[in-house]
Amino acid sequence: MSYIIGNWKMHFTLAESTRLAADISDGIPESKSSIVLCPPFTSLYAVRDVLEGSSISLGAQDVFYEPEGAFTGEVSAGMLVDAGCKYVIIGHSERRHLGENNEEIRKKLLSASESGLTPVLCVGESLADRKAGTGEEYVKSQLRTVLKGSSFKNLLIAYEPIWAIGTGEEADNEVVVPMLDAIKKTLSEIQLNAPILYGGSVSAENASGFVKSGFEGILVGTNSWKSESFIDIIKALE
Ligand code: PGA
């Protein structure tokens, strides 16, 4: 079984979100994969209604680590569960770029996990790290810093090279095979076991290649924003 997660990022009104969710839900073939849609916060509850009775799960794109309190603008894990979420993306490079650090990511992972959500932890190196030959070391250190010493009932890891996100530049086997190996070794060192997904310019054309390389699913941005391209990816992975 593999995971196919759509990250809608900061796109779509309520009407657009519910239409997209309905089109995907109506158009997907019976699938062995776990399919997850991650709309913006404002659309979560409405999309939950659309997905009710379908095999598609709901996820959020971020979470705050405190359960409640005076934290203007933040949303807790309990609130996400209440809105119908089963998954939450944590530590996406676009959030790290806005200033999120490993300590916050660690707290978010623990809080999400304690609330029963499945965190999707994003890791990945920059182009500078890749060019310097330090990509694998960078990702290993991200994993150790945020995961070491904790246990998680449910956890997914998404390897997303920053230079492949939204660029159309896909990572080839020379990059992903050693990276997958490095991630697996690091997880086993810290005694964790989690499915590892690939993200970064995934399309219907390249999706099955990542699964063949050993990834247990994919995290899709751009190609999850239209029902046709997302459904094509799901079909490609059947
Ligand atoms: P992309 O985004 O598919 O547009 O590259 C992936 C992501 O940000 O998760």
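Colleague: How many cavities of 30 Å³ or more does a search of the whole structure find?

Modeller: Rolling a probe the size of a water molecule over the atoms shows where empty space is left. In this structure, which is a predicted model, the search finds two cavities of 30 Å³ or more.

Colleague: How much space lies in the largest cavity, and which residues line it?

Modeller: The largest cavity holds about 50 Å³ of space. Its lining consists of Gly91, His92, Ser93, Arg96, Cys122, Val123, Gly124, Gln142, Glu160, Ile162 and Ile165. Two elements, α4 and β5 (118-123), each give two or more residues to that lining. Sorted by class, the lining of the largest cavity has four nonpolar, five polar and two charged residues.

Colleague: What lines the second largest cavity?

Modeller: Ser113, Gly116, Leu117, Lys153 and Asn154 line the second largest cavity, which has about 30 Å³ of space. Its lining divides into one nonpolar, three polar and one charged residue.

Colleague: Now the pockets. How is a pocket told apart from a cavity?

Modeller: In a cavity the probe fits but cannot get out, whereas a pocket is an open set of points. Here the largest pocket has about 490 Å³ of space. It is lined by 22 residues, and those closest to its centre are Phe41, Gln61, Asp62, Arg95 and Leu98.

Colleague: Where does the ligand sit?

Modeller: The ligand takes up the space of the second largest pocket. Around the ligand are 13 residues, and the nearest are Lys9, His92, Glu160, Gly166 and Thr222. Gly166 and Thr222 were also named among the residues closest to the centre of that pocket. The shell around the ligand comprises four nonpolar, seven polar and two charged residues.

Colleague: Which residues have polar atoms facing oxygen atoms of the ligand, and at what distances?

Modeller: Take them one by one. From an N or O atom in the side chain of Lys9 to an oxygen atom of the ligand is 2.6 Å. Thr222 also uses its side chain, with a polar atom 2.5 Å from a ligand oxygen. With Ser201, a polar backbone atom lies 2.7 Å from an oxygen atom of the ligand.

Colleague: How much of the ligand's accessible area does the protein cover?

Modeller: On its own, the ligand has 280 Å² of accessible area, and the protein covers 99% of it.

Definitions and conventions. Residues are numbered from 1 along each chain as its sequence is written. This is a predicted model: local features need pLDDT of at least 70, side-chain atom pairs count only at pLDDT 80 or more; totals for chains, interfaces and linings use all residues. Side-chain values use heavy atoms; hydrogens and water are left out. On a 1 Å grid over the protein atoms alone, a cavity is a set of points where a 1.4 Å probe fits but cannot get out, and a pocket is an open set with protein on both sides within 12 Å along at least five of seven lines; lining residues have an atom within 4 Å of a point. Grid points are joined across faces, edges and corners, and a volume is the space filled by probe spheres set on the points. A residue is near a molecule or strand if one of its heavy atoms lies within 4 Å of it. A polar contact is a pair of N or O atoms within 3.5 Å; within protein, one must be able to donate a hydrogen and the other to accept it, and residues adjacent in sequence count only if both atoms are side-chain atoms. Accessible areas come from the Shrake-Rupley method with a 1.4 Å probe; for residues, only the protein chains shown count as cover. A molecule sits in a cavity or pocket if more than half of its atoms lie within 2 Å of its grid points. Ala, Val, Leu, Ile, Met, Phe, Trp, Tyr, Cys and Pro count as nonpolar, Asp, Glu, Lys and Arg as charged, and the others, Gly among them, as polar. Helices (H or I, at least four residues) and strands (E, at least two) are DSSP runs, numbered from the N terminus.
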